[in-house]
Amino acid sequence: MTYPASLFALLSALLAIAAASDVARHRISNEVAVAVAVGGISAQAVVHGTLAAGTGLAASVIVAAVIWPAWSRRMIGGGDLKLAAAAAAWVGLERVPTYLVSAAVVMGALACIAYARSSLRARSEMRSNVVALALGANVAGVPLTAERGRVVVPAGAAFAVSALIALVIGGTP
């Protein structure tokens, strides 16, 4: 499924807003997710007909169902789930496999980057703590190990990139 450049630019802009928000604040607004969903179903209907709009809606439901378990286990956030389902309306039913596989690959890459960044931050924190201790800081107040929290992966950004990948490289026609 191809879209005119203006619609592809609209989708790209909306997904860029969602991805930037996810990376910066770990939040994706409902307004952006709704705009992506409504835009996708509308674009499907205008460009490819009402049957395509129905398959876009079906793609949204299928994607939401597939990633629902990850959301219910708090592996991804609600905004990530909503954006993934909304973007699927643009992708369409025939490209859902390409969309989901590329999302897994992109999310894996982002997870590696997030883990590496958290490890660097933890090592820097430990180094600072050891220097503070060597300079005579209060021993009780300076932990020698860095606290490691959860590594946060911007899954919404992965779904945004993957929607564009699925539209560009396609899938089964």
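A pocket, found on a 1 Å grid over the protein atoms alone, is an open set of points where a 1.4 Å probe fits, with protein on both sides within 12 Å along at least five of seven lines; its lining residues have an atom within 4 Å of a point. Its volume is the space filled by probe spheres set on the points, which are joined across faces, edges and corners.

This is a predicted model: local features need pLDDT of at least 70, side-chain atom pairs count only at pLDDT 80 or more, and totals for chains, interfaces and linings use all residues. Residues are numbered from 1 along each chain as its sequence is written, and side-chain values use heavy atoms, with hydrogens and water left out.

**View 1. The protein chain has six helices and zero strands.** Helices (H or I, at least four residues) and strands (E, at least two) are DSSP runs, numbered from the N terminus. The pattern along the sequence is α-α-α-α-α-α. Of the 173 residues, 37% count as buried. Buried means under 20% relative accessible area, exposed over 50%, and partly exposed in between (1.4 Å probe, protein chains only). Contact means heavy atoms within 4.5 Å. Among contacts with a separation of 6 or more, 76% join residues 24 or more positions apart.

**View 2. The largest pocket holds about 670 Å³ of space.** Its lining has 27 residues; Met75, Ile76, Gly77, Asp80 and Ala155 lie nearest the centre. Helices H3 (50–72), H4 (78–91), H5 (96–134) and H6 (155–169) each give two or more residues to this lining. H5 gives the most, with five residues. The lining divides into 16 nonpolar, six polar and five charged residues. Here Ala, Val, Leu, Ile, Met, Phe, Trp, Tyr, Cys and Pro count as nonpolar, Asp, Glu, Lys and Arg as charged, and the others, Gly among them, as polar.

**View 3. Helix H2 covers residues 30–48.** The end C-alpha atoms of H2 are 26 Å apart, which agrees with the 27 Å that 19 residues should span at 1.5 Å a residue. The expected span is 1.5 Å times one less than the number of residues. Val32, Ala33, Val36, Gly39, Gly40, Ala43 and Gln44 are the buried residues of H2. They cover an arc of only 130° around the axis, which puts them on the same side of H2. That arc is taken from the directions from the helix axis to the C-beta atoms. The buried residues pack against H1 (5–25), H3 and H4. On the face turned away sit the exposed residues Glu31 and Val46. Gly49 follows H2, with a positive phi near 105°.

**View 4. Helix H4 is largely enclosed by the rest of the structure, because 12 of its 14 residues are buried.** Among the buried residues are Asp80, Leu81, Leu83 and Trp90. From first C-alpha to last, H4 reaches 20 Å, close to the 20 Å expected. Just after H4, Gly92 takes a positive phi of about 85°.

**View 5. Asp22 lies in helix H1.** Asp22 is buried, at 4% relative accessible area. Its C-alpha is 8.3 Å from that of Asp80, 58 residues away along the chain. Leaving out residues up to four places away in sequence, Asp22 touches Arg27, Ile28, Asp80, Pro154, Ala155, Gly156 and Ala157.

**View 6. His26 lies in the loop between H1 and H2, and Arg74 in the loop between H3 and H4.** Most residues other than glycine have a negative phi. His26 has a positive phi near 60°. Arg74 has a positive phi near 60°. His26 is partly exposed, at 46%. Arg74 is exposed, at 70%.
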